[in-house]
Amino acid sequence: MAHMATELILPHSELRNEEISSLLRGIPAAFVDKVENILRPLDLTDERYRQVMDLMRQNLDAGLHPDTHATANVKCFPTYVRSVPDGSENGDFLALDLGGTNFRVLLINLNGQEVTMESKIYIIPQHIMLGSGDQLFDHIADCIFKFMCDHQLHDRRLPLGFTFSFPCRQEGLDRAILTTWTKGFKCAGVEGNDIVELLHAAIDRRGDMKNVRCLAVINDTVGALMSCAHSARNCAVGLILGTGTNACYIEDLHNVKTWDGDYNEPKQVLINTEWGAFGNDGCLDFILTDFDKSIDKHSINPGKQIYEKMISGMYMGEIARLAIERLRKHNLLFEGEGSYHLSTRGRFYTKYVSEIEGDDVDNFTVTKQIFEELELSTHTEQDCRLVRHVCSLVSKRAAYLASAGIACLLNKMGRRDTTVGVDGSLYRFHPFFHDLMMEKITQLLKPNLKFKLMLSHDGSGKGAALVAAVAARLRKEAEDAQQAEELEKEAFLLSKEMENVEVDN
Amino acid sequence: MTKATLNQNELRALRKLTGEPDVQSSSIQSSSLLSSSTCEAVSSMPVPATPDNGVLVKISHAGACFTEGQTRNKKYTPQFPGNEVAGTIHEVGNNLPNANFSVGDKVMIMPNEATVNTGYAEYVPVMDPSQVIQVPNKVPLEVAAMLPGDALKAYAAVNCAAPHVEKLRKVKSCVNILVVGGSSLGLWTVKLAKYMMGRNCNNVRLFVADNSIDRLLTAQDHGCYDIIHWNEEDHEQYIVERTLDSCRSGVDVIIDYVGTNRTMQRCLKVLNREGLILVGGNRPCETNISLSTLAAKQQSIVGVPRGNMNQLIELINAVAEKTLEVPAYKVYPVESASHVFEEICECRITERVIFKFGTQSSGHLVDNH
């Protein structure tokens, strides 16, 4: 019994140690061994996480080098965003946020540190998610139009930033080529094309929104970073832990061997790692469990997004369900009695993991309610404890894997003190995710480096506005510079003429 | 007394309705239709006797009624004849003066708990003739069928909420009403709210929340102010945030037709001071409510009252005069009941479904799209 307890104890807090040992109190050793055998693959050693961190580093380097970029799994796309906000961003901006079944239009006012937002969510019906690209962008343009009507914005020229949370190869601040649809979208005629162009084409088709022009496209990780940096200047990493997982970070230009832009100051650029695809080449097979393999096999993108499938909210509930079902089939849970719901793929929602782990261990009220919702009529307190244990193993593995990735980025950047801006339902709503990550990153980080994890509020809205503000400022500076150049040229020609006139005289 | 004989199609449909499902716990297929407790498939059913003091109604249309499954394998349990029945007078009781009813009159039946789920039947004896209401000629029977059920319940809910809404309208610039449940109850609520407020409705906003995007889009077509996706997979806090985001200044009145522990907790989190929640779900559910919070915020929780005869008569007249718009509906032959119930549960059909009895001769479907 004692050896069982130590293997599953988390080093991070006394409270959790007590919880774990109380979870296993009073259970016969034979039972415990059977449970342990089924769940052990989910409980990775410290050494394994270190290996993951090292492998991530190799993958990042491959993504940043032109020789290996094409075949690299972790693509490390440059975003063309060169700096974090400098506080001079002021004014009104429009922002679009597309990342799933909801599409948001936002009106954002930036005034120093103050940010005010008004937004509206528009649902994207299934048939549009699966229809043509033109239909999708027509729908988006329609939503923008409706929003502008509601807020009487038609006669205003507002810079627009677009948070487009799908894997893209950027060729400029306002040029992003969709590499592949994810998260259930499948619109024809978009992959391989510039989404800003498609948006502008839809707007032009309407003819009634001449003042709307998209100045910048960003990814939700960039949004998280920018939004966090608005209040924490040393923010250098943006992390998404939600339906999917991804991270971006600030890289020195000379490390970005794939860079094709200018080398002016600042000599850095935000890199969108698209790290969800880490492990697609099999390099993570040494930690994959049967549960992971089953999920991958039945997913709409088998063999892809391997790292993501072990971490993100889209799959976490399912990993727990498969483990719970295996325990049940071995008569270790619910006396072997399941339910239609428990045997349905995807029915054990990821939110249950957060809710069960946040439950009170004396009464298990929420856990029992969830069992009722799943129509599991036979359940004991022991079942509650064991299901909670499964959930904690799954969430801990996810948190530690994400931590390995973050530690890798922090170690690579080598900055003395970095803030990591995090957004996403997993991070926001899971009771221990933050603490687990703090603990693991600290363990894997180089000794002289410090870091903070900060919840990034509404990065997709605020972040897009901030980047649009930067883009607007850059555009204005470029226009001013061009104007100044032309004036200089005119002045030069004029002075030449005057010289000639003088000479003639 | 004539015997009613069923043809082969009706027979097959009834046999399917009575069959028990063959579902193992490992099965992932959804169960086939289950019988209501007393449904019996017989090769011929005798026409019931006409009550001396009542009438015998021949059913022509019945709204698709079911309760959500409670046990391990049932997804839903259909109810026959249900609480939305309309038809024609087949025979008048001997003791009744013929002046009240004539054979062939179009009528609808006030629902009665005792007779809601007695099984498939073509003829319904009604003991108390006051429970039978004449349907004006201009109202088709498929529309009349809907009124005694969901329309009446929604009307009772709206009437119950109305005084509260009026009180708030006097002091607030905007009153937000949230309807939880975008099925036919929700759609009727949207139409009835419009009917009751008439032209004077610009400071009342009606929101509809549901788990199904398809149902929400249908609700939007019916003219609510906005729709809110209460996706069961999302975290509770996220759902609450989204709701408050859409209903800018919080929610003043909530009509919860779903009534689960989760919907109730979300309602409590978005309800304003002095807010009112009307509870109208039909599944057994328990939830925890903080009494001190309820008292501190001066909120109220009320069960949706049962609709009464006067309200039903108001409804049929409003429909006849076209002052009340009827929500979208679709008519299906009752033989297709098994298949149609599946479609409803999967949200592939989002309009109200009405079954037509005796469609063997006429083969066409009716709807109001």
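In the predicted model, the side chains of Glu236(B) and Arg262(B) meet in a salt bridge (3.0 Å, N to O), a salt bridge being a side-chain nitrogen of Lys or Arg within 4 Å of a carboxyl oxygen of Asp or Glu. Because Glu236(B) lies in helix H5 (residues 236-246) of chain B and Arg262(B) in helix H6 (residues 261-270) of chain B, the pair ties together parts that are 26 residues apart in sequence, helices being DSSP runs (H or I) of at least four residues and strands (E) of at least two, numbered from the N terminus. Both residues of this pair, Glu236(B) and Arg262(B), are buried, where buried means under 20% relative accessible area, exposed over 50% and partly exposed in between (1.4 Å probe, protein chains only). Salt bridges with shared partners join Glu236(B) and Arg262(B) with Lys351(A), Glu355(A), Glu373(A), Glu232(B) and Arg266(B) into one network.

Over all chains, the count comes to 47 salt bridges. One of these is formed by the side chains of Arg104(A) and Asp458(A), at 2.7 Å from N to O, and this pair links distant parts of the chain, 354 residues apart, with Arg104(A) in strand E3 (residues 102-111) and Asp458(A) in the loop between strand E13 (450-455) and H18 of chain A. Arg104(A) is buried, at 14% relative accessible area, whereas Asp458(A), at 23%, is partly exposed.

Residues are numbered from 1 along each chain as its sequence is written, and chains are lettered from A and ligands numbered from 1 in the order in which they are written. In this predicted model, local features need pLDDT of at least 70 and side-chain atom pairs count only at pLDDT 80 or more, while totals for chains, interfaces and linings use all residues, and side-chain values use heavy atoms, with hydrogens and water left out.
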